[in-house]
Structures are given as C-alpha cells and as structure tokens.
Amino acid sequence: MSIKKSIISLSRNFAKKYGYEIVKIQNKKKIDLKAEAHPAYMKEAAEAGMDINDYQEIRLGFVESLPLLNEIVFPVIDKLKEPLIIELGPGSGRWSRHIINRVKDNGGGGIILVDHSEWIVDFLRNYFRNAPDSKLSLTFFKCDGFKLPENTKNLSADLIFASNTFVALGIYFYYTYSNDFFRVLKSGGYCIFDYIDLNTEGGWNFLKQKTKEGLNYYAYYTFEAVDKVFRDAGFEYISRHNYGKSTYLI
C-alpha cells in the first residue's frame with residue numbers, strides 16, 4: 001500500500017471512530033462566465049422541449065434573426081462566390097444556422113465561428129456537428145476577447161459578421177477588432193456589425209430603459225465615433241441600418 005493510500009485509510013478509520021465519514025469530492029468544471037446566460041438558456045430550452053435558438057426568439061422575445069439577415073446580411077453574401085465568412089460572438093448559433101443554410105444554398109463556402117467562451121465553442125461544435133459537408137467547411141476557434149485568434153492570421157476572408165457583440169464593448173475593443181478585421185479581410189471584403197447609436201430613437205430609448213432597470217451592461221456611441229475608428233483601420237463606410245436598439249453598419 002502506498003503512503004497516500006495508508007494516510008487516507010488511517011484518516012477514514014479515525015473519522016469513523018467519532019461518527020464521521022470522509023468522502024472524495026468530485027472536481028467540477030469551473031463555470032465559464034464568458035458564456036453569459038447561454039447555459040441557462042440551454043437548460044430552459046431542454047425543459048421546454050425546444051431548440052435553444054427557437055426558445056430565445058419565441059419564448060424570450062429575442063429579435064428574429066432570419067428577417068434581419070434577409071434584409072442586411074444575405075444581400076452581401078449573395079454577391080460572394082464560395083465565400084469565407086467569420087462570425088464573431090455567435091452565441092448559441094442563432095444567426096449562424098441561417099448563414100450556414102444560405103452559404104450552402106449559394107453553392108458552398110467556408111464559415112469560421114469565433115468566441116471567447118470555451119463553453120460556447122464546445123456547444124457550437126456539438127450543435128453543428130452534422131452541418132459540414134461537401135459544400136461547407138465549418139471551423140470553431142476560441143479568441144481572447146480582444147482580437148481574432150492567431151489561427152486566422154493568414155486567412156483571406158470575404159465577410160466578417162458580428163451581431164449583438166459590439167453592443168457591450170468599450171471603444172478600445174472597437175479599435176483592436178477593427179484593425180484585426182482589416183488584416184484578415186481580403187481587399188474588397190465586408191464587415192457587418194451592430195452597435196447602439198445614441199442619435200437613433202431606438203438607441204436613445206434603450207439607454208433610458210436600461211438606466212431605469214439599473215443595467216449597465218451595454219455601451220452607447222454615435223455613428224461619427226464608430227465610423228472614425230473603422231475608417232482609421234482602413235475601412236470604407238457603405239451603409240447603416242436601424243433595427244430596434246441596434247444600428248448595423250456595412
């Protein structure tokens with residue numbers, strides 16, 4: 001018997017003598033706070049017998065992803081032949097599932113899903129395990145929350161898309177990501193993302209609503225500030241689209 005086992009045996013016998021029992025506590029994986037509420041959404045959706053993304057839109061009232069994609073993102077994707085698309089901050093794949101289908105319908109391409117949460121990356125890898133085929137390559141990367149991962153360093157992407165990701169980021173992150181996006185996108189490539197604009201009715205009302213609720217999770221800017229950051233990185237502004245609290249920039 002090893003020294004470790006001998007000590008454990010003696011300890012158990014000693015504790016038993018006084019009416020106690022020593023048991024091993026199983027190690028539990030540390031909670032990934034970067035996953036935010038998604039583990040809870042998964043549990044609630046399972047209890048409701050629903051897909052997690054349908055649950056968020058139908059039961060929780062999240063903005064419907066497909067109509068927004070049809071209006072803002074798909075017209076860009078439809079211009080691209082076998083595109084390589086990066087989605088930053090995909091969450092549980094609410095947007096990704098429709099983008100995957102669109103790319104397949106258009107003849108195929110590649111999609112890279114990037115998130116700073118290990119829980120999210122693991123979830124997406126399982127959620128979309130049957131999505132890759134002869135028309136679609138699907139890759140999952142974890143980033144540090146400040147920039148794209150090193151795995152994307154030498155890529156030449158056609159489109160980078162981020163929905164409901166920048167709405168909670170400080171301007172520092174806008175700057176680091178904008179420069180990283182410009183490095184990864186090919187010449188003429190597109191970047192589409194949303195932020196909360198104080199000069200829009202939706203953005204201003206959202207600020208007042210969240211202030212009353214005491215929620216300071218979100219960040220608020222003006223078009224001029226956001227445009228300045230992305231122009232400095234080398235981007236050219238094409239259009240903006242107001243959608244509820246969000247302003248989407250292309």
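Into how many nonpolar, polar and charged residues does the lining of the second largest pocket divide? That lining divides into 12 nonpolar, three polar and four charged residues, where Ala, Val, Leu, Ile, Met, Phe, Trp, Tyr, Cys and Pro count as nonpolar, Asp, Glu, Lys and Arg as charged, and the others, Gly among them, as polar.

The model is predicted, and local features need pLDDT of at least 70, side-chain atom pairs count only at pLDDT 80 or more, while totals for chains, interfaces and linings use all residues. Residues are numbered from 1 along each chain as its sequence is written, and side-chain values use heavy atoms, with hydrogens and water left out.

**Pockets**

A pocket is found on a 1 Å grid over the protein atoms alone, as an open set of points where a 1.4 Å probe fits, with protein on both sides within 12 Å along at least five of seven lines; lining residues have an atom within 4 Å of a point. Grid points are joined across faces, edges and corners, and a volume is the space filled by probe spheres set on the points.

| Pocket | Volume | Lining residues nearest the centre |
|---|---|---|
| Largest | about 1,000 Å³ | E36, S163, N164, T165 and Y217 |

At least two lining residues of the largest pocket come from each of α2 (38-48), α7 (171-184), α8 (201-213) and β7 (246-249); here helices (H or I, at least four residues) and strands (E, at least two) are DSSP runs, numbered from the N terminus. For the second largest pocket, β5 (185-195) and α9 (223-233) each supply at least two lining residues, and β5 gives the most, with seven residues.

**Helix α6**

Within α6 (residues 118-127), I120, V121, F123 and L124 are buried, meaning under 20% relative accessible area with a 1.4 Å probe and protein chains only. These four lie on the same side of α6 because they cover an arc of only 165 degrees around the axis, the arc being that of the directions from the helix axis to the C-beta atoms. The buried residues of α6 pack against α2, α3 (52-58), β2 (109-115) and β3 (136-142).

**The whole chain**

The protein chain has nine helices and seven strands, and buried residues make up 45% of its 250 residues. Among contacts (heavy atoms within 4.5 Å) with a separation of 6 or more, 75% are between residues 24 or more positions apart.

Key:
Buried means under 20% relative accessible area, exposed over 50%, partly exposed in between (1.4 Å probe, protein chains only).
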